[in-house]
Each structure stands twice: as structure tokens, then as C-alpha cells.
Amino acid sequence: MLQALIMLLLVAVASAALVVQGLYDAERSAADRSLAAAEAFAHAPGTALALRSPDPTARLQPAAEQAQKGAGVDFISVLDKHGVRLTDPDPALIGTKAQGVGRAAAGEAFTETFHGRPTDAVRAVVPVTDASRRVVGMVTAGIQYANVGHVLHRQLPLLLGAAAGALVLATGGAALVSRRLLRQTHGLGPAEMTRMYEHHDAVLHAVREGVLIVGGDGRVRLANDEAQRLLDLPGDVDQRQVRELGLGPRLTRLLESEETATDEVIPAGDRLLAVNIRPTAPFGGVQGLVATFRDTTELQALSGQAEVARGRLSFLYEAGVRIGTTLDVQRTAEELSEVAVPRMADFVTVELLDSVLRGQEPSSAVREMRRTALRASQSGHPLQPVGDVIRFVMADTPMVAALRRGKAVLVPDLHTAQDWRAQDPEGAQRALDYGIHSLIAVPLRARGVVLGMVNLWRGAGALPFDEEDVAVAEELVARAAVAIDNARRYSREHELAVTLQRNLLPLGLPEQDALEIASRYLPARSGVGGDWFDVIPLPGFRVALVVGDIVGHGLQAAVTMGRLRTAVLNFSSLDLAPDELLGHLDEMVTRLDTQSATADDDRVPLTGATCLYAIYDPVGGHCTLSRAGHLAPAVVDPEGRVTFPDLPLSPPLGVGGHPFESGELDLPEGSRLVLFTDGLIENRGRDIDEGLAMLSAAIAHPDRTPEETCRALVETMLPLHPRDDVALLVARTRLLAPSCVATWDVPFDVEAVPRVRREVSRRLADWGLEGTAFATELILSELLTNALRYGAPPVRVRLLLGRTLVCEVSDGSNTSPRLRRAATTDEGGRGLFLVSQFADIWGTRYAARGKVIWAEQTLDSVPEPDPSALFDFMEL
């Protein structure tokens, strides 16, 4: 049924596409025929003279009817230059005014699908001009819309019949294939077969009983994992003869005889196996047998080890409770040694890397550690004390071997272990003389990284360590390693939190030529807060200034501020207008607060944060600002007059329900823009109006630099320890010299590209930038050609010269270009790829109308494009 539905959908879509294509072709054919008939009649000799005659209807009506029949159109009408019908197949319409012919009256011939009176039609309207090219009348010819699809209607039954036949054929074929598959799989579908195989495989290899399947020819068909372990079978056991497996004469004879056996006990190496054998033929299979094996010796051994295992589990449980009670690295190491002595060992030493003790990430240099903990059941031992540096320099010692392998190393008898003595023979001899005779060295690892080393020793009167003790030691050390790593990470996170408080704001202001900037950040008395600022260079030498304030104080407020500052940096990379950027920021704040509304923590909410975002353009000194619940900036003109511009105010971030608006300022060169948070002007001793008055008095000095303005504001407005943190940003404007700006308005014609390119080359020569002429011309050609081909008027080219060279091409279209790598057979698609090769950076920004595509080049070096890309371009 699903296949039939899919076929029906495909046939329906294909039929609809053919119908639409046929209708489209019919309309285009009707438009072409109508245009040919109208142009032939309009340009016919005598048409223009007849229009100037006293009775043009009498002279043109017969000719129009004859032309209509000859051209095979439904109507040809002659209109005067005002659109009044002079001839028409329907005499009742002569003298009436035609609709929608204004373009032809202006001298333009066109075709269209007309809907209106007297009838819907595909028509062409062509102007009739005299010898001086003036329009003296118009000719309209067309085909009624009802007759356009006549041919399509005749073909529609055949089309639908073919579609129905294809549907029947496809559905029938799918049904036949599905029926054959179901018959071959006994009615099981793919999902059931897959599930049956997975169950069979899982059961076969998961059971704790060996299974061996032997074919009628005596070859092994399958042996599960337990059978390979119990019988010690080789890895390539499949398809091998039973007699070649070395199973012993009794078991081999039993398998080859194909006799039924039930719980027959047979020795196999050092095991006693209970064997069951059944033939496969009576159960629907081919000739052969299935043998199962159960290890009876392990059952007896396990019953004797249960009590020992119970004691070890109790020990590990106690270790899990006692180790890691604090978040101190050294204390956790001491707890490990206290747990292990005397229940596990007589002596325990713990060495850790110095980086772990400092709370840092473990280093890769594990050859040198510091003894952090030591626990002994006896006094007077010869082991090195806590604080000593332990070096692992000899490659043959058990400690180095454990570090290299990443797992525990057992030395049951230290008297016979020469490698243990290699690094310090005298110390090793003192330990032996003291009675230490057995060792387990375990690397202390967490998340796959070595943190240190744990050594467990046994002395006189204790049994040597065995393999079972190794497993317990590894589990004990693994639990301790997690606790030590948690303590280390806590120490590291605490240090990171302190570092975060010192690195909340930009460490330095970016290089740019549009503004002279100074900044201040003063933390509150209670610590770090959420006030922040940022300076972000934008394309075209523009600069974005940002000031914001987060609700609350402390580390959480600082973290929240970091999230907002990162979001603003990311949104600014899209080169959005200030109101659009704050709109995206508001949506993000709302979404994040909604997601964390149910979190049970002390996270500071984002909702209620304020932000002021401004973009300054040094070409003309234009500044666009938008604010979300934030105080308006102060503007100081070159004469020292202070104003607070009346900018649109939107609600704080996350409140929602209101759109964001932007305001415009034109700032003369030398003006100062002062952006600040409320902590600068508000406190318990004064209100906001008094604070603004003090601020105006402090900055009303035309000769002060931004740095001096910041210093004066801090000294005048703030106490030594303010109650609220303060972010302050002062920027003095600069203008790009008119000689460094060149603009061209380009006609919407591709033929204008060479002229603009020549003028740009001359301007580059005037600026002394002949070395960049080739790259700039190529960039300009590609961007301008794209704008003329895919954009909309008006088209403008602008060059900006500063510390870099910026080429901008703007047009009236909002279509955004995209970079792609064209295939070898493509005729286009390489323009923006070449731009990206020659320009250092390029991008797109949207204006109130249309867009601007810009490309920036450094002036100290000429970019070297990818040679392969140029060769691909030249091959075309």
C-alpha cells in the first residue's frame, strides 16, 4: 500500500508538472504569435499614414480583419495614441478606450496576460511611430485566454491515460516483487528477520554455556565465545575438522559418532565438562549435531570464593564512603592511605604530579612526582617521607612499567625481583632488611590521564599479594582517582573564577581610525558586577560602541554578562542595524531565560538587562543608536556644549512586546560621545537628574581628550568604593577625509562596467596605489557585474581609503550573494570565489533599501590568490 501511494504521488506530481509546462508553453506561443502579428501590422506601410487620415477606421478596419485571419489570432485592434479603439473585431468596441496600454503609448512594445474587459487574453501591444519616431497610435493583437490551452486540452486525455498506465504497471511490479520476497522469507519482513538474527546472535554468545555446531561432514559450523574458552579453541575454528581441534580422544570420538549424550562428564584439560549432544536433522536442520558444554569445576571454585569476594566488596564499599569527603587534593590522598592500611597493605605511599597538587591539568611529564601521603602499620620504616620528590628514571622498575602500561603491576616477591632494585639499590636493600617483601604499583588515572602513583607494600608476617589483590587495588585506586580529580577540578575552577573576575572586559581596545576611545570599568564594593562595554570594528571603517548593564552582582552576574557580550559580538559579525541587533538579542534572552526557568540554581536571569548599541560611520560622521532600557548617551560638540539626545527608548532585554527603534545623530569631527551605565550617575545620595547635571559639568570642556574625560568623571562622580559597578566609554569622532572617498553612480547597464573600472584605476593612481589596481579592478568587475545582472537599480560604487582599501558596490536588491565553487562544466559561478581570493575579507550588509557588498584589501601587501583557482578561471 505504501509503495502504491508513493507511485501515485510521483505520477500525480509528474502529470501536474507536464500540465503546468504545457500551459506555460501555450501561453508563450500565444504571446509570440500575438507580438509578431501586432508588430507586422504596426510596421506595415501605410499604417502610420492611415492613422493621420480623416477617417482612420474606414481605412484600417478591413486591413485589420484580413491581418487577423492571416495571423491566426483572435483579434487585432488599432488604437490612437490616447488608447481609443479605431478598429476592433467587435464594432461595438470601436470608440471605447483600451486598458493597460500606457507603456506602448510611451514607446515600449510589450506582451502580457490581460485580465479585464472585454475578455481575458494573451495580448501584445506595439506602438506605431512616424518618421520622426513619435508615437501616433498603437496596435494590439492577441488570443483569448480560453483558446490558449486548446491544444493542451486535446492532449490531456492521452497524458492522463499514460499516467494511469504507469501507475498500474509500477504498482503491479512492486506487488509481484513484494510477494516473491515474502514467499522466500516465509512471510517475515525485513524488521522481523533482523530482529530474529540479532536475538539469535545475542543469545548464542551471551549464554554461560558453550555451544558447538558440527555439520554432517564433521566440520565445525559455529562455536560461541564460551565454547572457545572452555575447549581452548583457536580463533579460526570455523570450517575445521573436529579431529584437528585437539579436544582429546574421548570428546573427539563422541562428536564424530553423532550419538546422543546427556550430561556426560568429560575431562578437557584442567576442567570437567558436562556435555550434551543432539542431532539437528529431526528439528528441520541439515545433517549434523549440536553440542553444549557446562563447566562444573568453576561452580565448585566459585562457591569457595564467595566469602572472599563478599569481604572485598565490603572493603570497597567502605573505601567509597571514606575517600573523597573533602575537596582537598592532599587530604583525599591521605584518606586513600588510611583506608588501605592495614586491611589491604602494611604500607601505602601516594605520589602526585605537582600540577595536580596546584589544581592544574595533569602534565605529560610523569617521570617526577611528589610524595603526598604515606601510611604505615609499623614505625621506623625506610620509605621516603611526605614531601620528597620521587623520580622514575629507570625503565625497568615496576612503577615505570605501571605508568607505561596504564595498569597495575604485581611483584609478589621483592627478593627475587632485580628490576625493583635498579633505581635505588641501597634503599631497596634497606626495605628488604626491614621485612617488606611484596608490592603492587598502581597508576592513579582519571579520564585516561595519569594523576600520580599508588604503591601498596606488605611486610613481615603478611602473605604476598596475588592477582585477586591486584583487582581490588585497581578498583580502590580508581575510586580514589575520581575523588582526587574532582578535588583538583574544584581547585582549578575556583582559580578560574578568580581569573574570570579579572578578565570580564576587553583586555585592550581594537585598532581603528574612526574614533579616539578611552574606557573605564570600576567594580562594585561587593565584587564583580554585570556592567560591561565593548568596541567592535565593522566593515567600511565603521565602529560599533556597546554599553550594557546586567541585573545583580557577583560572579553569576559576570558570567551572564559574558554570555551577552559574546552574543553581541556574534550578532555584530552579521553587520546588522542597531535595532535589528537588539531585536535578535532580545529573542535570545527570552529563549535562554525560558529554558532555564525550571532550573533550581542561583543563576542570575538575563531578562531585565539593558543595552545601548551605536554604530559610527566616519564617512560623513553619521551615528545610528538603539537602546533597550538603557540611559541615553551624552554628546559633547567641539565647542563643549553638552546634550542628551532624545533617542527612542525600548524596554529592557527579555521583556518583549515592543519593537526596537533606532535614532540618528550627525556628529561633527571632534565631538565626544559618552556612554555609561546607571552606576555612574545614581546612588543613594543623589537622584538621576542631579547625577546628569554633575556629568554635564564634568565633560563640558572642549579641550579634554577622551582619557582626560574618563579620569575627570571617575574623580568627580564616584566614591572610592562605589556601591554599584560602572562601565564608561568615551569616544571622540574623526571623519574620513573627502579626498579618501570616491563614489560613482552606475547606470543599470553592463556596458558601464569598463568605464567605471577605468575611473577607479585613475583614482587608485591618484592615491599612489597602482600596485593594487589589478586586484581592485577584478574585485570591482565581479561585484559590479553581479549587481547589474542579479540586482536592481540604483547601483553605486564607493572606494574608501584608510589603513586599508575598501571597495563597496550597492544596489537596490535584497538578494544576498553566496560563495560557491563552480564545476568545470559551469559557465559561471566563479566571481565571488575570485573576490575571496584577492580580497583579505569581504561580506554583505543590508541598508534601508537594498544591500552593500564590500571587499577589503590591506595596503602593505598584495594578496596572492590560489593559483589553481586562477587556472580554472582561465580555462573557461
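**A salt bridge and its surroundings**

Tutor: A salt bridge joins the side chains of Arg845 and Glu808, at 3.1 Å from N to O. The term covers a side-chain nitrogen of Lys or Arg within 4 Å of a carboxyl oxygen of Asp or Glu. Buried stands for under 20% relative accessible area, exposed for over 50%, and partly exposed for what lies between (1.4 Å probe, protein chains only).

The model is predicted, so local features need pLDDT of at least 70, side-chain atom pairs count only at pLDDT 80 or more, and totals for chains, interfaces and linings use all residues. Residues are numbered from 1 along each chain as its sequence is written, and side-chain values use heavy atoms, leaving out hydrogens and water.

Helices (H or I, at least four residues) and strands (E, at least two) are DSSP runs, numbered from the N terminus.

Stay with Glu808. Its side chain also meets that of Arg798 in a salt bridge, 2.9 Å from N to O. Glu808 lies in β30 (residues 804-811) and Arg798 in β29 (residues 795-801), so this pair ties together parts 10 residues apart in sequence. Glu808 has 4% relative accessibility, so it counts as buried. Arg798 has 18%, so it counts as buried too.

Now the wider count. The structure holds 35 salt bridges. One of them pairs Arg458 with Asp469, whose closest N and O atoms are 3.7 Å apart. This pair links distant parts of the chain: Arg458 is in strand β16 (residues 449-458), Asp469 in helix α15 (residues 467-502), and 11 residues separate them. Arg458 is buried, as is Asp469.

Next, the backbone. Most peptide bonds are trans, and most residues other than glycine have a negative phi. Here are some departures. The bond between Val341 and Pro342 is cis, with omega about 5 degrees. Pro342 belongs to the loop between α11 (329-340) and β11 (347-352). Pro793 and Pro794 are also joined by a cis peptide bond, with omega near 0 degrees. Pro794 is in the loop that runs between α21 (773-790) and β29, and β29 is the strand that holds Arg798.

Arg447 is not a glycine, yet its phi is positive, about 55 degrees. Its loop lies between β15 (438-446) and β16, and β16 is the strand of Arg458. Arg447 counts as exposed because its relative accessibility is 52%. Phe541 also has a positive phi, near 65 degrees, and is not a glycine. The loop of Phe541 lies between β18 (532-537) and β19 (543-549). Phe541 is buried because its relative accessible area is 16%.

Helix packing comes next. Two packed helices are described by the angle between their axes and the distance between the axes. Axes are lines fitted to C-alpha atoms, for helices over the stretch in contact, and angles run from 0 to 180 degrees between N-to-C directions. Helix α16 (residues 555-572) packs on α17 at about 140 degrees, with the axes 10 Å apart. The two, α16 and α17, are therefore oblique to each other. Angles under 35 degrees count as roughly parallel, over 145 as roughly antiparallel, 65 to 115 as roughly perpendicular, and the rest as oblique. Their crossing is right-handed. That word applies if the near helix is turned clockwise from the far one by less than a right angle, and left-handed if anticlockwise.

Val589 lies in α17 (residues 578-595). Its relative accessibility is 0%, so Val589 counts as buried. From Val589 to Arg563 is 26 residues in sequence and 9.8 Å in space, C-alpha to C-alpha.

Helix α18 (residues 688-699) and helix α19 (residues 706-717) pack at about 140 degrees, axes 9 Å apart. That makes α18 oblique to α19. The crossing of α18 past α19 is right-handed.
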